[in-house]
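Student: Could we go through this model together and ask what lies behind the words used for it?
Tutor: Gladly; have a look at it first.

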Amino acid sequence: MTTQAETGPIIKAGGAAADYVDQRVGVSKFLKKNLNKVFPDHWSFMLGEIALYSFIVLLLSGTFLALFFKPSMTEAVYHGSFIDLNGIKMSEAYASTINISFDIRGGLLMRQVHHWAALMFLAAITVHLLRVFFTGAFRKPREINWLIGNALLTLGILEGFAGYSLPDDLLSGTGLRIAQGIVQGIPVVGTYAAMLLFGGEFPGNDFIPRLYIVHVLLIPGIMLGLITAHLMLVWYQKHTQFPGPGRTEGNVVGYRLFPVYTAKAGGFFFIVFGITVLLSALASINPVWLFGPYTPTQITAGSQPDWYMGWLDGALRMMPNVEFNAWGHTLSLNVLVPSLIVPGILFTVLAIYPFIEQFATGDRREHHLLDRPRNVPTRTALGTMSIAFYMLLWVGGDNDIIATHFDLSINQITWALRVMIFIVPPLVFVFTRRFCLALQRRDREKLLHGYETGTIMRMPSGEFFELHAPVSDEERAVLLAGVTYQPLELDDSPDENGVRPKVSPLDRARAKLSGFYFGEQIEKPTAEELEHSAHHAQELADGYARQLESGGAPSAPSAGDKAH
Amino acid sequence: MASFLVLFVGLLVMGGLYAGLTSAGTASAAGTDDSPQAIAKGRALFLEGCASCHGLNAQGGSNAPTLIGVGAASVDFQVGTGRMPLAAPGVQAKRGHVSYTQDEISALAAYVASLAPGPAIPSAEELDFEQANLQQGGQLFRTNCAQCHNYNGAGGALANGQAAPSLKDATPQQMFTAMLTGPGAMPVFANSTIAVEDKQAIIKYITTIRTSPNPGGMALGRVGPVSEGLFLWVVGLGAVTGVAVWIGAKTS
Amino acid sequence: MSHHSHDLEPAAHGGEHPDNPLAPGLPQHKLRRTDVDPRAAKRAERQISLMFVIGTLAPIVFFFLYVYIPGDKLILIPFIGQTSASNFFLGMTMGVGLFCVGAGAIHWAKKLMPDVEEVAERHPIRGTDEDRATAVAHFNEGVEDSGFGQYKLIRRTLLGALAATPLFAVPLLKDLGPMPGDKLRNTLWDKDIRIVSDVTLNPLKPSDIPFGGLVSCVPENLEKVEEETGNLNARAKVPVVLVRLRPDEIRAQQGPNWDYQGILCYSKICTHVGCPTALYDQKAHTLLCPCHQSTFDLADAGHVIFGPAARSMPQLAITVDSEGYLVARGDFTQPIGPSFWERG
C-alpha cells in the first residue's frame, strides 16, 4: 500500500474504529487470515449465491408480511376494498391476505416479492445441486456439506409448501386437503397423525396457526443454522475450482475476498434482490383474490402446486389405483407409494450418493479440482437419467394444462407417462454415457493430433495431408485433467496351495459397482504417447519443409476439402 | 307387471312435469320470433344446412343427436357460437366461425322450438344482470363452474381429450343458454336448480373477472402456478444467471 | 499496487498437478482497456458513479411515489394491461434502484479493481498427527478426571436420564388433537335430512332435477352446525352431487333402489386424497377429479374407471319426504373421502 492511502481520511477514521473493535474482539487476527482469501471465479459458482440471497429477500419480505398477516382460521366477514368479495365469509388468514394485497400500500409488491423469491430460492437450490453433482464437488472433503445442502432442499420444499398453504385461499386449502389425505393414508399411524396435526378433523381451527409458527420460526430457524454451517464449511475448506492452467489439487486460483469478491458477491445480492422486485412489478403471482376463500365444497380446474411440488403431484396422478383391504385394515399404495415411498427413496439416494460413489472408487483422497462431466460418464448419465425421471413426473403434474394447450387427452398423457417413466430414463442413461465417451474420445484425439484446421496441404510429392494445429497449453491443461479410475478387480485366484481366498459379499458388491462405473472408459494419453505425437507432428512439418526446399512449389491451401 | 305400470305412470308424470317446467320458459320466450314465417324460413335453412346429419325431421342420425325438445336456447348456443354446423367430426364441438346471421339463427331456433317444447332463449329481462349480486355470483361460480372452467373462466381439461372451454368470448346470452341446455359434456343447470337471478349473478361475476385488472402485473394466462413456475425458470432464473455469467466473464 | 503477501503465491508459479505432469502455469495476464487507457478508466468511473446515483435517488423517488400514488389507482401498461399503478411504479423504482447498486459494484470490480488472478495454497484439512495426539490426550485426561470410566453407576444412570428426557414431550403433544374415534365414519347426513343446493340452500324436488343436470348439494342442517362449531369440519365431509339419469342408463348402484326416479346422489369428496370431485360429464355420466384425475362412473355404482383412486365414490341413498322434497335415507354406509388404516 502506498503511504498516501495509509494517511487518507477514510483509512484514518476506519483505523480508529478498527482499533476499537480489535481491542475488544481481536478482529485483526481473523481479518489478517481472511481478507486476502482467494475465491475462484466462475458463473456456475454463483448459483448457490442466488439461493442465499433469495433467502435473505425471503426473510426481509416475510417480516413485512408478518406485520399484517393474521394466522387465524376464525371466521370473518370481509368488508375491505376488494368489492368482488365484499360480505363473503372467510377465514381471518384469507381476509388479511386480501387486505395486504389491496389495502396496505406496497403490500401486494411485498407479497409478490416473497412468492417470486420463494420460487427463485428453490430453483436456485436445484441448479446449484445439479452443478455440484455433475462436477463432482460433493467428493471428499465436502460430503458433509452435500448432506447439509440436501437438508436445505428438503426443508425449502416444506417451507415453500407451508407458505403456499397459509393464505387459506381455494388453491392453498386444496393443497392442504391433499396433504391431509396423504398423512391420513399412512399405514398404522396415519389416522392419529392426521388428527394430531390438524387438531382433529380436516380442516379444523388449528392448522393455519400451527403451520404459521412452523413457517416463520421453526423451519427458517433450522435453515438459518444450516446455511451458516454450509457457508462456514465452504469458507474453511476453500472453494473447488475447474481444471485449467496453473490450477492444481493443492491451490486455489481466483480473486481475493477483499475487494474483488466482496464487490462482486455484494453486488450480486443487490442484483438478485432487484430482479426479484422487478419480477414482482411486472408479473402477477398467486392472485389469491381470484381464487376465492377456501371452503371444502369448492374446487377449481387447474388446481396445481408451486413448481417444486409439481413432480410429487405428477407422481400421485400417474400411480395406478392399487389398494389392499385385509383383516379390517386398508393399505393405500396408490397414495403411499407416490407421495412418501418414491420421494423417500429419491431423497435418500440423493443424500448418500457421495458415499455410493466413494464405495465404487475406493478413493479416500481429497478432491478440489472439479470433474468435467464427460470424464465421469456413469455419474453424468445417472444425473441426466434422474433429471429425465423428475421431468416426466413434472409433466404428469401439469398434464391438464398440457392437455388443454396442446389439444391432447389427459388419459393418453397419463398412460404414456406410466410407460415412459420406465423406458425414458434408462434410454437417457445409455445415451448420455455414450455421448460422454464420444466426447472423451474426441478429447484424446485433440491431445494426440491437435485440431483439424480444415486446411489441406499437398506435398510436392503429391501426397495430401490436413494441417493439424496443436492444442494450446491452456486447453491441454483442461483436457488432461481428471482422475482416471480402473475398475476394481476381485483377486480370488487360488494361492500356491490351490485355495481360493474368501471374498466378502461387500468386496463383491464393490467390484460390481466399480465395474459399472469404470468398466468402459477412454484412457487419457500417457506422457509417452503425447511426446510421440508431438514428435510425429514435428517430423511431418520437417518433411514438408524439406520437400519445399528441394524445389517443389507449394500448392495453395484449399480450405474446406476434407482429407480422408 | 304392476310395478312396471307404476313406474311407467311415474315416468309419464315426471316427463310431464319436466315438460311443463320447461315449456313455462318457452311461453315467456321474448327472444324468439315464433311466427309461422320464421318457422318456415328456419325449416328451409335446416333442410339445407343441418338435415344431412340431424335428419329431415330433426329426429337425429347415427352421428348426430335428435333436436326434438332441445329448444331454441340450444340452437342459439350451438349455432351462435359457431359450434354448429360442425367443422369436422371430432371429440368435441369448438367455438368457431359463425356461419349464420342473427336472423337466420333466430329462424332456425324458431323451427327447432316448434318441434317440441324445450328451453327457450332468455328474454332481455332475464339477461339483465346489472342488478345481480356479484359476490353471490362468485360463490355460485366457484361452487358450480370453476371445477371445469377454472377460477377465472380460462377453461380446463376434461377426460378423454375433451375440455371445458374458456369463457373469454362467451356473451351473457351464450352463458345463460349454455347453463340451460348443457351443451356437449356440460351438465344442465336448469332454472329449477340455479334460479334466473343466480344465473344473472354468475354471469355478472364472469363478465367482471374476465376483464378485471391485474394489479400485480402480467396475468401469465391466469392458469395458476404452472405458468408462474415456467416464468420463474425462464425469465427470473434466466435473468439472474445471465448476470452471473457477466460477473464470471473476463473483462477485455 | 501490489497483490503479494506471504501466503499468496505470485500467479506465474502454478504448481504441478500430480496427475497432469504437463500442466502449464497460469496463462499470461492480459491487460484490460481500463488498465491501459486512462480515458476508458475515467468512462468506467463515470458509469459506475451514475449507477450509484440512480441507487441513491431511487429510494427518494420511491418515497414520493408511495405518498402520491393512491393504492387503488389503475394504469394501462403495454403488455401488462390494467395494473396497479402503485405496485408497478413502486416495484420498478425499487427494482431498478437495487439493480443499479449491484450492477455498479460489479462493474467497479470488473473494470477498475485488480483482475490478476492469484494463487493461494491449500492446506491439509485434517490436523497434524501431533494435533490429533494432543487432542486425544486432552480428551482422555478429561474422561479420566471426570471418572466417567470409573463410576459405572453414574455413567449408566446419566445415559438413562438423557435418553428419558425427550419423553417429556410425548404426553405434552398428545393434546394436539383428539383421538380419531368414529369421526371419520360419520357425517351430518341422516334419515330425512333434506338435500339443499349449496350456496343458495334451496330444498329440491325431484322435478327440479333435469336429465343431464348436476346440482352441488349439502344437508339442510349444515349451516346450523357450522354456526355452533365455528369450523368447516362438517362441511368437509357432506358435499354431494345430485345427477339425473334415465332409468335404463343406470347399470348399477351401491344399494337396491338407492336412487329416486333416476336421481342419484353421490359424495363429492374424492376417495383418493379428498378433493371435491365435480367435473361431471353429463354424456358419459362420469365424475372427474381435477386434482389427480380419478374418474368415477356414476351410471355404474360410482366405480373408478381411470386414475389413482381405488374405491368407488360413496353413494347416498335418497328418497322424498312428505312434502315431496329430496331427503337422505340415512348416513353414508361407508366412510367418505381418503382411505385410512382402520377403514377396512
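This is a predicted model: local features need pLDDT of at least 70, side-chain atom pairs count only at pLDDT 80 or more; totals for chains, interfaces and linings use all residues.

Tutor: Residues are numbered from 1 along each chain as its sequence is written, while chains are lettered from A and ligands numbered from 1 in the order in which they are written.

Student: Why is Leu220(B) called buried?
Tutor: A residue is buried if 20 or more other C-beta atoms, placed from the backbone, lie within 10 Å of its own, exposed if 12 or fewer, and partly exposed in between. Leu220(B) has 20 such neighbours, so it counts as buried.

Student: And what makes Ala301(C) partly exposed?
Tutor: Ala301(C) has 19 C-beta neighbours inside 10 Å, and therefore counts as partly exposed.

Student: What makes a set of residues a nonpolar core?
Tutor: Its members are buried Ala, Val, Leu, Ile, Met, Phe, Trp, Tyr and Cys residues joined through C-beta atoms within 7 Å. The largest such core here has 260 residues, and Val241(C) is among those with the most contacts inside it. Helix α6 of chain A gives the most to this core, with 18 residues.

Student: How do you know that chains C and A are in contact?
Tutor: Two residues are in contact if their C-beta atoms, placed from the backbone, lie within 7 Å. The contact takes 90 residues from chain C and 99 residues from chain A. On the side of chain C that touches chain A, α3(C) gives the most, with 17 residues.

Student: Why are β4 of chain A and β4(C) called paired?
Tutor: Strands pair if DSSP finds at least two bridges between them. These two antiparallel strands are joined by 4 bridges, so they meet the definition. Asn251(A) stands opposite Glu121(C) there.

Student: Which peptide bonds are cis?
Tutor: Those from Lys140(A) to Pro141(A), with omega near 10°, and between Phe258(A) and Pro259(A), with omega about 10°, are examples. Most peptide bonds are trans.
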